[in-house]
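I'm opening my notebook on this one. Here is what I looked up, entry by entry.

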Number of protein chains: 2
Amino acid sequence: MGHEFDSQIAIERSADGRYAAELSAGWVVGGGVNGGYLLAVVGNALRAALPGKPDPIAISAYYLSAATPGPATVSVDVRRDGGSIATAAADLRQGDDTRITALATYGDLGRLGDDVRTTAEEPAMPPPDECVPNTMAPPEVRAIAPLMDRFDMRFHPDHIGWAVGQPSGNGVLSAWFRLVDGREPDPISLLMVVDALPPVTFDLGMPGWAPTLELTAHVRARPAPGWLKVRHATRNMAGGMFEEDCEVWDSTGRLVAQSRQLARQPRG
Amino acid sequence: MGHEFDSQIAIERSADGRYAAELSAGWVVGGGVNGGYLLAVVGNALRAALPGKPDPIAISAYYLSAATPGPATVSVDVRRDGGSIATAAADLRQGDDTRITALATYGDLGRLGDDVRTTAEEPAMPPPDECVPNTMAPPEVRAIAPLMDRFDMRFHPDHIGWAVGQPSGNGVLSAWFRLVDGREPDPISLLMVVDALPPVTFDLGMPGWAPTLELTAHVRARPAPGWLKVRHATRNMAGGMFEEDCEVWDSTGRLVAQSRQLARQPRG
């Protein structure tokens, strides 16, 4: 019972119809709180506001200002609720500042058809024990990125050269992923998973954090329990911005989430 | 002067601060008005509401109901305007019905840096004269898709098998694209271009229109005048939905827009 992650994304409906949350200091990275974790908090409030439609199918978040650990509220405005899906707007605020404004469509992934005609190929990864664990990160990195303590990540050895000053330059990162608290993945946690790895720009020789402007995630199926495979790639760095595509595959080899974000190139 | 497209996306600010538009019957396809055209109308209203930030950088649209030709209004709510970019919400309505709800970040693409480190490869296309023009579409197709009369499209011969009952099954479509009225591309028209080609599901042997649930476009640079190359691809059809990725390349070989939409599989 009682996984850490569930308590960290917990929301409570208040009398004014908003949802109160407590943003955890355990998700700090660099100067703010991890955007994927914030999206999971927003996603949890949306789930509460949309009875019978428990799963995010598509969610688009625009990041307006950096969040800090502590109290936050999520307001939800249902824009259309009919048939099998519902669309709502949601804002995550701290005091007078909006941190994230989002739109999302929810439904019941368990009620979708079983047909799968995926041409995408599951990323090839050595077994987790032959990959590079995040626990090998140097103490100075872990000090500014406490969120890494939430994860059991095993990086593909071919995509970890940046950690020793030898980025591949390909713009690709991949890793096995699970939460250290043992919580199994679900559609809400996938909203965090798509923004959990270091920025793909690490592999381009650009260390430093890359602020997200916009992130859209599509959750395509409920993930099976177990390890996830997460792959990030970028193909177009231009004008100080880059897109980061993310795929998440579950332990049965199913593509369960796809996301793309537009982020600012690290200044570092 | 006076290109047809500009008059079709024209908006007029009314006393209540909304923007009035007249959705053109020339953009009908199947049972509704083309979603890319609607996005350009929304994008035009956002441009008007955000002085000094003329260009869409990221826009996410959720399609709530099918639009019909005739009057519409766009309301814009500026959520944050500071520094070099601004983020706003916009709704396109007809009567009491919301057709599209959107979020967008605008800025000035002309002021971004010149650095380009794109690893994406420009799609190889035979010259336009060796491609298959949309004017070869059968009259019954053009009758239900008047929007095709707005376009000069030249399909890659390898991606047009569906037109003669021989879809490749790869889930890829590409074409040269320009507007027949001679209007040159700009960041607003790119919002239309990313949803102008037939659904990529045609190439999977699934004719019929594919309703968009959500579409996010990133405009990465102002396009040069001339032909655009547009490429659609899908990699994951599952549970009755598919993602459609679109790239738009300008006549100088620059990747000027990337988009992804989540759409329902055609029932046909």
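How many of the 15 residues of α2(B) are buried? I counted 13 of the 15, so α2(B) is largely enclosed by the rest of the structure. For "buried" I used this rule: 20 or more other C-beta atoms within 10 Å of the residue's own, against 12 or fewer for exposed and anything in between for partly exposed, with C-beta atoms placed from the backbone.

**Ground rules.** I'm working with a predicted model, where local features need pLDDT of at least 70 and side-chain atom pairs count only at pLDDT 80 or more, while totals for chains, interfaces and linings use all residues. Residues are numbered from 1 along each chain as its sequence is written, and chains are lettered from A and ligands numbered from 1 in the order in which they are written.

**Helix α2.** In chain B this helix covers residues 35-49. I get 21 Å from its first C-alpha to its last, close to the expected 21 Å (the expected span being 1.5 Å times one less than the number of residues). I checked chain A as well: α2 there has 15 residues and also reaches 21 Å. Of those 15 residues in α2(A), 13 are buried.

**The core.** Next I looked for nonpolar cores, meaning sets of buried Ala, Val, Leu, Ile, Met, Phe, Trp, Tyr and Cys residues joined through C-beta atoms within 7 Å. The largest has 166 residues, and A:Val41, A:Val42, B:Val41 and B:Val42 have the most contacts inside it. I followed up B:Val41: leaving aside neighbours within four places in sequence, B:Val41 is in contact with B:Ile9, B:Ile11, B:Ala21, B:Val74 and B:Leu92. "In contact" means that the two C-beta atoms, placed from the backbone, lie within 7 Å.

**Chain A as a whole.** I find four helices and 16 strands in chain A; these are DSSP runs, H or I of at least four residues for helices and E of at least two for strands, numbered from the N terminus. The radius of gyration is 18 Å, close to the 18 Å from the globule rule for 268 residues, so chain A is as compact as a globular protein of that length. (That radius is taken over C-alpha atoms, and the rule is 2.2 Å times the number of residues to the power 0.38.) Along its principal axes, the C-alpha trace spans about 50 × 45 × 40 Å. Buried residues make up 52% of the 268. I also looked at contacts between residues at least 6 apart in sequence: 71% of them in chain A join residues at least 24 apart.

**How the two chains sit together.** Chain B can be laid on chain A with an RMSD of 0.0 Å by a turn of 180 degrees and a shift of 0.0 Å along the axis. That is the relation of a two-fold axis. Which residue of chain B comes closest to the rotation axis? I found B:Ser60, with its C-alpha at 3.4 Å.

I then listed the interface: 38 residues of chain B are in contact with 38 of chain A. Strands supplying at least two residues each on the chain B side include β5 (55-63), β6 (70-82) and β16 (255-264). That side divides into 14 nonpolar, 15 polar and nine charged residues (Ala, Val, Leu, Ile, Met, Phe, Trp, Tyr, Cys and Pro count as nonpolar, Asp, Glu, Lys and Arg as charged, and the others, Gly among them, as polar).

**Some loop residues.** A:Trp209 is in the loop between α4 (187-193) and β12 (212-219) of chain A. Why does A:Trp209 count as buried? It's because A:Trp209 has 21 C-beta neighbours inside 10 Å. A:Trp209 and A:Gly30 are 179 residues apart along the chain, yet their C-alpha atoms are separated by 7.0 Å.

B:Ala210 is in the loop between α4 and β12 of chain B and counts as buried with 24 C-beta neighbours. I noted B:Thr201 and B:Ala263 among the residues that B:Ala210 touches, not counting those up to four places away in sequence.

Last, B:Glu184 sits in the loop between β11 (172-179) and α4 of chain B. B:Glu184 is partly exposed, with 14 other C-beta atoms within 10 Å.

Note on methods: Least-squares fit on C-alpha atoms with pLDDT ≥ 70 in both.
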